[in-house]
Amino acid sequence: MALPLIDRFTTIADNYPDKLAIADASGQYSYRQLQEKIAQVAGYLAAAGLKKGDRVAMVVTNSANYAAVFYAIWAAGGVTVALNTQAKARDILNWTNHSNAGWLFVDQGHGEFAEIAAKLDQDVELISVGAPKSEQPEMEHTPWNTITQKQGAMPELPISPGDLASIIYTSGTTGSPKGVTLSHANLSANVDSIQQYLQLSSEDSILNVLPFYYSYGNSVLHTHLAVGGSLILENNLVYPHRVVERIANEAVSGFSGVPSTFALLLGRVNLNDYDLSKLRYLTQAGGAMAPALADKLLAALPETQIFIMYGQTEATARLTYLPPEQIREKRGSIGIAIPNTTIEVRDKQGNVAPPGVTGEICASGENIMQGYWRDTQKSAQVLKDGWLYTGDLAHTDEDGYLYIDGRSSDMIKSGANRISPKEIEEVIQELDSVLEVAVVGVPDEMLGEIIKAFIVPKDAQQTDKKVIQRHCKQNLAIYKIPKSIEFISKLPKTASGKIQKFQLQKKQA
Amino acid sequence: MSAEAQIRNYILENYLFTDDQSALDSGDSFLDKGILDSTGILEVIYFLEDEFSIKVEDTEMVPENLDSVNNIVAFIGRKSQ
């Protein structure tokens with residue numbers, strides 16, 4: 001079994017102590033400096049009583065501090081629970097409770113800090129991350145500098161590959177949030193596969209815009225730290241021209257995005273105005289990229305390798321990739337299985353579907369998750385006989401290349417986000433004026449899908465979209481607020497009363 | 001209506017979902033306060049281009065021009081000169 005990533009990091013840090021590990025808005029951190037930060041946090045957690053397997057949650061934006069806290073949790077024997085930094089307090093508290101985390105690290109300047117501090121279970125230690133902001137009111141928590149002022153000491157705690165390493169929540173419904181559990185072996189295996197096909201080495205550097213709390217960004221972080229590469233962090237894509245300027249100025253070899261990232265860059269920036277000759281490769285995952293968009297990328301960056309990829313959090317991150325030399329011949333394909341993973345397209349009876357016939361993508365390999373945290377029922381629905389049933393529909397061609405045909409689950413993919421309609425429905429249903437609600441994804445050129453809510457009001461006279469959206473803004477992350485709301489007199493249902501979402505989606509076509 | 005009032009009303013209506021003027025300070029950073037994300041900024045640009053008959057160049061898409069009502073008002077002022 002592969003060595004856990006924390007052990008690999010230690011070896012790399014010893015081999016490349018002065019090499020740049022992470023550059024963020026606060027400065028540049030070499031591998032030695034990052035290792036020192038990790039030792040400080042790990043030493044603190046060990047002294048605070050963290051035992052092997054204990055969960056530690058964190059709400060930290062991409063930064064050297066993120067990597068320090070994340071790897072420190074592993075070094076101390078804990079399980080990371082990295083949470084969405086855009087989430088509201090109610091989701092953060094819900095996930096913290098669900099994972100039974102004993103510690104919660106939160107960025108000092110996080111907009112929900114005060115509410116989290118006020119409502120957090122008393123058994124959970126709240127630790128602020130980063131320099132205090134002057135306007136931040138005093139609240140009960142452990143300040144970051146109590147950790148960083150002390151000399152660090154790495155706990156001597158052997159981690160086994162089979163030990164639980166991380167929980168990644170993919171949705172936040174109140175009743176049963178879905179927490180994907182990954183072992184150290186899962187993470188190491190996926191890192192190995194990705195490094196192999198991307199041919200990553202210590203010479204590589206990446207400009208990263210992807211949030212580390214999602215599996216895609218998580219894999220970018222680990223693949224680079226495991227080989228001694230460098231991560232240059234740019235925390236938002238709001239100003240695309242700045243992003244391309246940094247790709248050129250920092251002379252990075254890699255850049256990763258979702259389809260909307262590339263649509264934004266191609267739409268708002270003339271790439272020919274910049275020297276991108278050092279950019280060896282691009283990766284794209286997080287939803288199907290329209291072949292026309294891939295064509296535009298190829299035309300704009302003829303010397304850069306473009307890797308179209310597909311994956312799921314349940315598979316640690318990555319499942320397939322399209323070798324760059326095949327991108328023209330296999331237009332629209334998500335490629336073949338990554339090294340050390342097996343993919344089959346199966347029909348409803350569980351048999352392998354012949355080429356051209358649509359079935360469900362199933363995967364096996366060391367990267368497949370252990371299951372959903374404390375949810376054997378949901379785990380059993382997707383893990384059968386050592387295979388992950390992804391819920392994504394696809395067919396193969398005669399050469400075994402995969403082509404996505406759709407999804408059998410109703411998750412909405414908007415930009416880089418995978419959104420459970422149920423979460424939004426739960427929040428909207430809280431309003432007294434709402435009788436029934438159904439949320440669906442509708443096609444959008446830039447984002448892939450946008451969120452639309454169909455609402456049956458209790459009183460047809462009381463239909464104020466603003467009230468609905470304001471309530472969503474107060475209780476949901478910004479990307480989960482429905483862009484479109486339609487009031488209707490009744491929802492289409494089957495005879496047994498199940499809402500027919502496909503009928504609502506058809507209304508949009 | 002002044003440019004500032006037009007922009008304030010647009011942000012209040014479409015991103016804060018209210019007509020309560022006290023919900024937005026004209027100096028508030030759209031990003032720091034979680035009012036807009038990257039697609040929101042693009043929508044604001046389309047609004048400015050339509051409403052004020054200007055063209056926002058790619059190189060002008062920087063926070064100094066777009067990250068608050070005050071920044072936008074000053075930017076539009078410079079563009080209209």
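Predicted model: local features only at pLDDT ≥ 70, side-chain atom pairs only at ≥ 80, totals over all residues.
Strand E2 is part of an open sheet of nine strands in chain A, whose order is E2-E1-E10-E9-E11-E12-E13-E14-E15 and whose pairing is mixed. The edges of this sheet are formed by E2 and by strand E15 (336–337) of chain A, each of which pairs on one side only. Within the sheet, strand E9 (residues 205–208) and strand E10 (residues 230–233) of chain A run parallel and are joined by four bridges; in one of the pairings, A:Ser205 has A:Ser230 of E10(A) as its bridge partner.

A:Asp204 lies in the loop of chain A between helix H7 (184–198) and E9. The relative accessibility of A:Asp204 is 4%, so A:Asp204 counts as buried. The side chain of A:Asp204 makes a polar contact with the side chain of A:Ser253, at 2.6 Å.

If residues up to four places away in sequence are not counted, A:Asp204 touches A:Gln199, A:His224, A:Gly229, A:Ser230, A:Ser253, A:Arg280 and A:Tyr281. One of these, A:Ser230, is also the bridge partner of A:Ser205.

Strand E7 of chain A (residues 164–171) is largely enclosed by the rest of the structure, because seven of its eight residues are buried. E7(A) pairs with strand E8 (residues 178–183) of chain A in the antiparallel sense, over six bridges, and in this pairing A:Ser171 stands opposite A:Lys178 in E8(A).

A:Ala82 is placed in strand E4 of chain A, which covers residues 79–82, and at 10% relative accessibility A:Ala82 counts as buried. Apart from its neighbours within four places in sequence, A:Ala82 is in contact with A:Met58, A:Tyr66, A:Phe70, A:Ile167 and A:Tyr213. A separate C-alpha distance relates A:Ala82 to A:Val382, which is 300 residues apart from A:Ala82 along the chain, the two C-alpha atoms being separated by 23 Å.

## The contact between chains A and B

The contact between the two chains takes 20 residues from chain A and 28 residues from chain B. About 2,100 Å² is buried between chain A and chain B, and carbon and sulfur atoms give 61% of that area. On the side of chain A, the residues that lose the most area to chain B are A:Tyr239, A:Arg268 and A:Lys466, which together account for 37% of what that side buries.

Between chain A and chain B there are four salt bridges and six residue pairs in polar contact, counting pairs in which both residues have pLDDT of 80 or more. One salt bridge involves A:Arg268 and B:Asp58, with the closest N and O atoms 3.5 Å apart. The elements that give two or more residues to the side of chain A touching chain B are helix H9 (240–249), helix H10 (259–268) and helix H14 (465–475) of chain A, and H14(A) gives the most, with four residues. By residue class, the side of chain A that touches chain B divides into ten nonpolar, four polar and six charged residues.

Terms used
Residues numbered from 1 in each chain as written. Chains lettered and ligands numbered in written order. Heavy atoms only, no water. Contact = heavy atoms within 4.5 Å. Buried area = accessible area lost by both parts, 1.4 Å probe. Salt bridge = Lys/Arg side-chain N within 4 Å of Asp/Glu carboxyl O. Polar contact = N/O pair within 3.5 Å; in protein donor to acceptor, adjacent residues only side chain to side chain. Nonpolar A, V, L, I, M, F, W, Y, C, P; charged D, E, K, R; others polar. Pairing = 2+ DSSP bridges. Buried < 20%, exposed > 50% of the residue type's maximum accessible area, 1.4 Å probe, protein only.
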